[in-house]
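Me: I'd like to go through this one label by label and see what each label rests on. Could you put the structure up first?

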Amino acid sequence: MLDHELELLAPAGKWEVMESAAMAGADAVYLGGKRFNMRMLKSDYNFSNEELIRAVDYLHEKDKKLYVTVNNLYYEDEIEELKDYLLFLEEINVDALIVQDMGVVDLHNEMGLNIALHGSVQMGIGNSQAVKLLEKNGLSRVILSKNVSLQEINEIHRATGMVIEFFAHGDLCVSHTGQC
């Protein structure tokens with residue numbers, strides 16, 4: 001018997017995929033906006049700001065969560081626009097941000113945002129010390145590196161109080177541990 005709740009999280013690059021994931025039983029969906037995420041290269045993927053507003057409403061009406069990827073590394077000249085985007089995401093009530101850049105964590109904390117932070121797989125998190133460091137910095141969940149074994153996941157879980165997420169299906173990128 002589990003002593004914690006499991007969450008089925010599914011990715012979505014398009015509206016139809018988000019709807020399908022929700023209807024198929026996903027507890028939460030993660031997706032990106034048109035800027036500031038790792039999957040920006042296809043113009044027909046990702047969600048405009050208007051679609052993000054609709055997506056939050058759609059998923060929350062179905063008692064499901066929406067996590068938005070803000071999981072790229074950012075240049076100095078992007079920071080002001082990134083701050084505006086973070087404020088927008090908090091205002092529309094997304095449930096969490098999936099982040100890679102520790103600068104986003106600092107911005108989040110400096111701006112006094114209340115939106116939850118999840119450490120992206122792109123952080124390459126593979127041990128309990130890294131998890132504890134992220135927890136100290138205000139993250140509530142970590143997505144472990146794709147090359148961590150089930151035994152290592154269990155050890156990290158036992159050594160920390162953090163919510164642990166890991167990939168169970170899909171592109172595993174093992175040779176690069178999610179460092180796309």
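This is a predicted model: local features need pLDDT of at least 70, side-chain atom pairs count only at pLDDT 80 or more; totals for chains, interfaces and linings use all residues.

Me: Okay, so what makes a right-handed β-α-β unit with helix α5 (residues 128–136) in it?

Reply: That unit consists of β5, helix α5 and β6. Its two strands, β5 and β6 (residues 141–143), pair in the parallel sense. Viewed with the strands pointing away, a right-handed path over the helix is a clockwise one, and right-handed is how this unit comes out.

Me: How do you know that β5 and β6 count as paired?

Reply: Pairing takes at least two bridges, and there are 2 bridges here, so β5 and β6 qualify. In one of the bridges, G119 has V142 of β6 as its partner.

Me: What about β4 (residues 96–99) and β5 (residues 116–119): how many bridges join them?

Reply: 4 bridges, and the two strands run parallel. L97 faces L117 in β5. From β4 the chain passes through helix α4 (residues 102–111) on its way to β5, again as a right-handed β-α-β crossover.

Me: On to rings. How many aromatic pairs does a search of the whole structure find?

Reply: It finds 5. One of them is F36 with Y74, edge-to-face.

Me: Why is that pair called edge-to-face?

Reply: The centres have to lie within 6.5 Å, and the planes over 60 degrees apart. F36 and Y74 have 5.6 Å between centres and 65 degrees between planes, so the label holds. F36 sits in the loop between β2 and α2, and Y74 in the loop between β3 and α3, so this pair ties together parts 38 residues apart in sequence.

Me: How do you know whether F36 and Y74 are buried or exposed?

Reply: The cut-off for buried is under 20% relative accessible area. F36 has 3%, so it is buried. Y74 has 13%, so it is buried as well.

Me: What makes R54 count as sitting over the ring of W15?

Reply: For Arg, CZ must be within 6 Å of the ring centre and within 35 degrees of the ring normal. The charged end of R54 is 4.3 Å from the centre of the W15 ring, and R54 is listed as sitting over it. Likewise, R35 lies over the face of F36, at 4.4 Å.

Me: Last one: which residues have the most contacts inside the largest nonpolar core?

Reply: That core has 46 residues, and L52 and V68 are among those with the most contacts. A second, separate core has 8 residues, A96 and I98 among them.

Terms used
Residues are numbered from 1 along each chain as its sequence is written. Side-chain values use heavy atoms; hydrogens and water are left out. Rings of Phe, Tyr and Trp (its six-membered ring) pair if their centres lie within 6.5 Å; planes under 30 degrees apart count as stacked, over 60 as edge-to-face and the rest as tilted. Buried means under 20% relative accessible area, exposed over 50%, partly exposed in between (1.4 Å probe, protein chains only). A nonpolar core is a set of buried Ala, Val, Leu, Ile, Met, Phe, Trp, Tyr and Cys residues joined through side-chain atoms within 4.5 Å.
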